[in-house]
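This report describes the surroundings of two ligands and of two annotated positions. The sequence and the structure are shown first.

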Amino acid sequence: MKSNQVSTEQIHLFLTGHGFPEKVDSAVILGSGLGDFTENLDEPESIPYSEIPGFPETSVQGHTGELFRGRLHGKEVIAFSGRFHHYEGHPFSRTVLPVHLAHVFEAEKLIISNAAGAINTRFSVGDLMVIDDIIRLFHGIAASPSEPFRYNLYPVADRVRALAAEIGLEVQRGTYIYLKGPNYESKAEIRAFRTLGADVVGMSTAPELSEASRLGIRTTAISLVTNMAAGVSAKKLDHSEVKEAAEARKEDFARLVSVLIEKL
Ligand SMILES: O=P(O)(O)O[C@@H]1C[C@H](O)[C@@H](CO)O1
Ligand code: HPA
């Protein structure tokens, strides 16, 4: 597994030489605007992506580009504050670098998060949703032709919702449709996606999920609804909504991830 000729094992060696543990319990990939989760880590340390050999930089607003380590409930955690999107020009092999690192750190759990637009009219801005199925359109991810798209969401969404309920949080469950982006969808596309059964739409997560499943990492994926998708509300879409919605729900998002790290 190479990124810019630096293997994930070499990156692991670099990080353990800079205070990171050999192994972690959980790895968390933080979606747009969700980087403040790292404020909840005990004894946090971080390294900017720009200082890690083989790490690309992030170019999307709301992704700081920093790798954190710390502890939560006494468990070792690494958190990627910033991910690599295919639409930024990264090949799929690079979009899954955080997943490869979770693997070399032998993470028992991976929690993937993202900002998403709601297609389901029963959803609202600020809703948290556990992904229980994925639709991909137009963009293959598998390394070789006709390889099936694999993903294995662990555990079942009901368990995530039950744990959320224990801390007084209501969490939706539903299907995430993956679009390459970077532009938002048209109203007609959103209507079409609704008929296909999609509940939210976003531009990440599916490649990471696929790779995590291939590597056998138990993975849970959470969307934060940052806006109603095109045409679902009359409001004009703007990336600033992503930041605002994430800011408004950052504590609840952190509580949810925290209980998943503790009890899943
Ligand atoms: O990294 P995520 O999936 O959270 O980022 C979403 C998709 C786009 O990059 C951006 C849309 O504004 O947020
Ligand atoms: O409406 C959206 N569409 C696609 N990706 C998104 N990420 C946040 N909101 C959206």
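A residue is termed buried if 20 or more other C-beta atoms lie within 10 Å of its own, exposed if 12 or fewer do, and partly exposed in between, with C-beta atoms placed from the backbone. The model is predicted: local features need pLDDT of at least 70 and side-chain atom pairs count only at pLDDT 80 or more, while totals for chains, interfaces and linings use all residues. Residues are numbered from 1 along each chain as its sequence is written, and chains are lettered from A and ligands numbered from 1 in the order in which they are written.

**Annotated positions**

An unreviewed UniProt entry carries the annotation "binding site" at E185 and N227; such annotations may be inferred rather than shown by experiment. These positions are spread over 43 residues of sequence, yet they cluster in space, with a largest C-alpha distance of 12.4 Å.

N227 belongs to strand β11 (residues 218-228); strands (E, at least two residues) and helices (H or I, at least four) are DSSP runs numbered from the N terminus. N227 is buried because 24 other C-beta atoms lie within 10 Å. E185 is placed in the loop between β9 (172-178) and α5 (187-196), and counts as buried because it has 20 C-beta neighbours inside 10 Å.

Contacts (C-beta atoms, placed from the backbone, within 7 Å) of N227, leaving aside neighbours within four places in sequence, include G117 and E241.

**Ligand shells**

A residue is assigned to a shell if its C-beta atom, placed from the backbone, lies within 6 Å of the molecule. Both E185 and N227 are in the shell around ligand 2, to which β7, β10 (200-202) and β11 each give two or more residues. β7 gives the most, with 3 residues. Around ligand 1, the closest residues are G31, S32, N114, A115 and S204, and β7 (109-118) and α7 (239-263) each supply at least two residues.

**Strand β7**

| Partner of β7 | Sense | Bridges |
|---|---|---|
| β3 (residues 26-30) | parallel | 4 bridges |
| β11 | parallel | 10 bridges |
| β10 | antiparallel | 2 bridges |

Within these pairings, A116 is bridged to V225 in β11, and A118 to V200 in β10.

Technical notes
Contact = placed C-beta atoms within 7 Å. Pairing = 2+ DSSP bridges.
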